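Please work through each task before reading its solution.

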Amino acid sequence: MFAINNSIEKKIYKKIKEYPKIVIARHVGPDPDAIASTTALRDSIRLTFPEKEVVAVGLGVSKFKYYGILDKIEASDFKDSLLIVLDVPNLARVDGIEGLEYKEIMKIDHHPAEDIKGPVDWTNEKSCSTCQMIAELILKTPLKLDTKIAGNLYLGIVSDSDRFLLPYTTNETFKVVHDLIRASKLEFTSLYNYLYDRSIDEVRFQGYLATNMKVSENGLGSIIIPSDVIKEYHVDLATPANLINNFNFIREVLVWTFITEDVKNNVYKVSIRSHGPVINEVASKYHGGGHKYASGARITSEEEIEAFLQDLDTLCEEYKRASISNL
Ligand code: AMP
């Protein structure tokens, strides 16, 4: 009944079958795609193989508790386990695996490949989300699905594709979503509150960002957000990254970046988005990375902020010049 030939899905399924103990992890500072893909895969493996010990690790985020509670483990209990990392290409950004002596690592991710490379590796930069890949894995193998697992995957896909509007959204995305809904009988419209519920403080903070964002002649939108403003609006350090997609489709803005002061860690957390120039190379220059049009970085000084903004502005300028000469 399952069309699993020698596909990557089959290889992953065989690895999962082989190990009695499995640890699933994702990136630090998780978003809905990272959290939902981890708990969905954990719950599907548990449902399919009740005898296995399967855990999803990493720091919990209270506003994402709908997706399921993460597991607290003693690393020594999971010696020689299979470690599956989701939604993250580099080991340094994997959360919750300190001291874990795993036997093999397997990655399923839609970011450009970096240093994590196990014997079985599924990297698909063309996928809109890691949840889309986990949904494909479950739909194409004997891994089981229930309504809760399907709901988590659906929300991860909707969130990372920004409601099917980012360029990574393809006919494959719609096919997977169609198959997911049909297989689980998911009533998906009732789930949106879990993604889009927000406080009036957050809405007011979005107003602050819109009012104070500078826009350069070349089309760079930027704002440096002092920690006092985060306090004043009763939001947290993750809020700017949650709001940045709302600044898409502004006529005068090609690339936009939010630079948030994190006093406790003595660093600026940076989110960058683009609807033209490829930005992840600039992000890598500033301790970051990510996708071509959605990246993040970490900056440690004001001089570095200036250089970073200059690099992004130059990118916009070059992009505009190239677009004009292609007319
Ligand atoms: P954010 O703006 O935090 O939503 O991040 C956008 C994208 O960039 C996500 O795919 C993140 O995983 C990635 N990203 C964010 N920060 C970093 C970083 N410091 N290093 C590498 N990738 C990052």
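Angles under 35 degrees count as roughly parallel, over 145 as roughly antiparallel, 65 to 115 as roughly perpendicular and the rest as oblique. The model is predicted, so local features need pLDDT of at least 70 and side-chain atom pairs pLDDT 80 or more, while totals for chains, interfaces and linings use all residues. Residues are numbered from 1 along each chain as its sequence is written, and side-chain values use heavy atoms, without hydrogens and water.

**Exercise 1. Determine how α3 is oriented relative to α5, and which residues make the contact.**

Step 1. Helices (H or I, at least four residues) and strands (E, at least two) are DSSP runs, numbered from the N terminus. Axes are lines fitted to C-alpha atoms, for helices over the stretch in contact, and angles run from 0 to 180 degrees between N-to-C directions.

Step 2. The axes of α3 and α5 (residues 171-184) are 10 Å apart, and the packing angle is about 55°. The two helices are therefore oblique to each other.

Step 3. On the α3 side, the contact (heavy atoms within 4.5 Å) is made by Gln132, Ala135, Glu136 and Leu139. Glu172, Thr173, Val176, Asp179, Leu180 and Ala183 contribute from α5.

Step 4. Sorted by class, this contact has five nonpolar, two polar and three charged residues. Here Ala, Val, Leu, Ile, Met, Phe, Trp, Tyr, Cys and Pro count as nonpolar, Asp, Glu, Lys and Arg as charged, and the others, Gly among them, as polar.

**Exercise 2. Describe the packing of α2 against α3.**

Step 1. The axes of α2 (residues 32-48) and α3 come within 8 Å and cross at roughly 15°. That angle makes α2 roughly parallel to α3.

Step 2. Asp33, Ala36, Ser37, Leu41 and Ser44 of α2 meet Thr130, Cys131, Ile134, Leu137 and Ile138 of α3. By class, six nonpolar, three polar and one charged residues take part in the contact of α2 with α3.

**Exercise 3. In what order do the six strands of the open sheet lie, and which helices pack on the sheet?**

Step 1. The order is β6-β7-β8-β9-β11-β10, with mixed pairing; two strands pair if DSSP finds at least two bridges between them. The edge strands, each pairing on one side only, are β6 (214-215) and β10 (289-290).

Step 2. β6 pairs with β7 (residues 220-225) in the antiparallel sense over two bridges. Lys214 stands opposite Ser222 in β7.

Step 3. Helix α7 (residues 200-212) packs on the sheet, touching β6, β7 and β8 (255-262), and its direction makes about 125° with that of β7. Helix α11 (residues 302-325) also packs on the sheet, touching β7, β8, β9 (267-274) and β11 (294-299), and its direction makes about 170° with that of β8.

**Exercise 4. Are Asp87 and His287 buried or exposed?**

Step 1. Buried means under 20% relative accessible area, exposed over 50%, and partly exposed in between (1.4 Å probe, protein chains only).

Step 2. Asp87 lies in the loop between β3 (82-86) and β4 (104-109). Because its relative accessibility is 1%, Asp87 counts as buried.

Step 3. His287 is placed in the loop between α10 (280-285) and β10. At 52% relative accessibility, His287 counts as exposed.

Step 4. Most residues other than glycine have a negative phi. Phi is positive in Asp87, near 65°, and in His287, near 55°.
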